[in-house]
Amino acid sequence: ASFNVRWTSGGDGLERFKSYRYNIKLNDVRCANDSIGWDSCEFKNRHDCSHYEDVILDCDAEQSAVGFRIVDVSGDDVATGERGLLLYNGGTVCDDSFSENSANAICREMGYSGSFLWVSGSSYSYGERQTSLDITLDDVQCSDDDWNSCSYSTSHNCGHSEDVFLTCGSEEEGEE
């Protein structure tokens, strides 16, 4: 699931959430890049905090652009088996190091059985809708069709002519 996260300090919501009922478990949480997720974070298990320093998260799954999506020229999600622009955290994905394994791993991460096709290049373009987006993922290299086998970078050396367009689906659809 994807979430849009807003946070406030404990002093603003301490009574509302009654966080003082719980033990403090994390301190000095620092994340390398908030678009990568929890794996990019470091923290201490010991603390020198009071509950007035608690962080209270308000997660809204409806407004999020976190994770992978495949969209059409209007920015709407494509139907299963349709080609669209691959997005990661609201930005495009560059084709450097991208392969059939990368395509399959991403489709499987999105809940499909695999990829039918991936393409890149300037012959496929969504114009300003595409070029106005940041490039948020590059050098996606996967050793097999599981996302856990992949390495990638959230910085890039690409132009939008290298954006990936992807078609995902289920095995049944591929056999028709």
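Mentor: The link of Cys142 and Cys150 is right-handed, with 105° about the S-S bond. Please bear in mind throughout that this is a predicted model.

Trainee: How many disulfides does a search of the whole structure find?

Mentor: The search finds 3 disulfides. The link of Cys142 to Cys150 has a distance of 2.0 Å from S to S, and both Cys142 and Cys150 are buried.

Trainee: Which cysteine does a disulfide join to Cys107?

Mentor: Cys107 is joined to Cys168, with 1.8 Å from S to S.

Trainee: Why is the disulfide of Cys107 and Cys168 left-handed?

Mentor: One reads the handedness from the torsion about the S-S bond. For Cys107 and Cys168 this torsion is about -75°, so the disulfide is left-handed.

Trainee: Are these two cysteines buried or exposed?

Mentor: The cut-off for buried is under 20% relative accessible area. Cys107 has 0% relative accessibility and therefore counts as buried. Cys168, at 2%, counts as buried as well.

Trainee: Which parts does the pair of Cys94 and Cys158 tie together?

Mentor: The sulfur atoms of Cys94 and Cys158 are 2.0 Å apart, and the two residues form a disulfide. Cys94 lies in the loop between strand E7 (91-93) and helix H2 (100-109), and Cys158 in the loop between strand E10 (150-153) and strand E11 (164-169), so parts that are 64 residues apart in sequence are tied together. With a torsion of about -90° about the S-S bond, the disulfide of Cys94 and Cys158 is left-handed, because the handedness follows from that torsion. Both Cys94 and Cys158 are buried.

Trainee: Where is Asp96 found, and how far away is the nearest side chain of opposite charge?

Mentor: Asp96 is found in the loop between E7 and H2. When a charged residue is buried, one looks for a partner. Asp96 is buried yet has no salt bridge, and Arg83, the nearest side chain of opposite charge, is 19 Å away. Beyond four places in sequence, the residues that Asp96 touches are Asp138, Asp139, Val140, Asn157, Cys158 and Glu162. One of these, Cys158, is the disulfide partner of Cys94.

Trainee: With which residues is Leu166 in contact, leaving aside its neighbours within four places in sequence?

Mentor: The contacts of Leu166 are Ile70, Glu82, Arg83, Gly84, Leu86, Ala103, Ile106, Cys107, Ser115, Leu117 and Trp118.

Trainee: Why does Asn104 count as buried?

Mentor: Asn104 lies in helix H2. Its relative accessibility is 17%, so Asn104 counts as buried. Leaving aside neighbours within four places in sequence, Asn104 is in contact with Gly114, Ser115 and Asp145.

Trainee: Where does Asp144 lie?

Mentor: Asp144 lies in the loop between E9 and E10. Since its relative accessibility is 34%, Asp144 counts as partly exposed. From C-alpha to C-alpha, Asp144 and Ser102 are 7.7 Å apart in space, and they are 42 residues apart in sequence. Beyond four places in sequence, Asp144 is in contact with Asn101, Ala105 and Ser149.

Trainee: What is the mean pLDDT of the protein chain?

Mentor: The mean pLDDT is 79, and 71% of the residues reach 70 or more. Over residues 1-6 the pLDDT stays under 50, and the model has 21 contacts for them beyond four places in sequence. Residues 60-65 also have a pLDDT below 50, with 12 contacts in the model beyond near neighbours in sequence.

Trainee: How many helices and strands are there in the protein chain?

Mentor: There are 4 helices and 11 strands. The chain has 176 residues, and 35% of them count as buried. Of the contacts between residues at least 6 apart in sequence, 69% join residues at least 24 apart.

Notes: Residues are numbered from 1 along each chain as its sequence is written. This is a predicted model: local features need pLDDT of at least 70, side-chain atom pairs count only at pLDDT 80 or more; totals for chains, interfaces and linings use all residues. Side-chain values use heavy atoms; hydrogens and water are left out. A disulfide is a pair of cysteine sulfur atoms within 2.5 Å. Helices (H or I, at least four residues) and strands (E, at least two) are DSSP runs, numbered from the N terminus. Buried means under 20% relative accessible area, exposed over 50%, partly exposed in between (1.4 Å probe, protein chains only). Lys and Arg count as positive and Asp and Glu as negative; His and the chain ends are not counted. A salt bridge is a side-chain nitrogen of Lys or Arg within 4 Å of a carboxyl oxygen of Asp or Glu. Contact means heavy atoms within 4.5 Å. pLDDT is the predictor's confidence in each residue, from 0 to 100.
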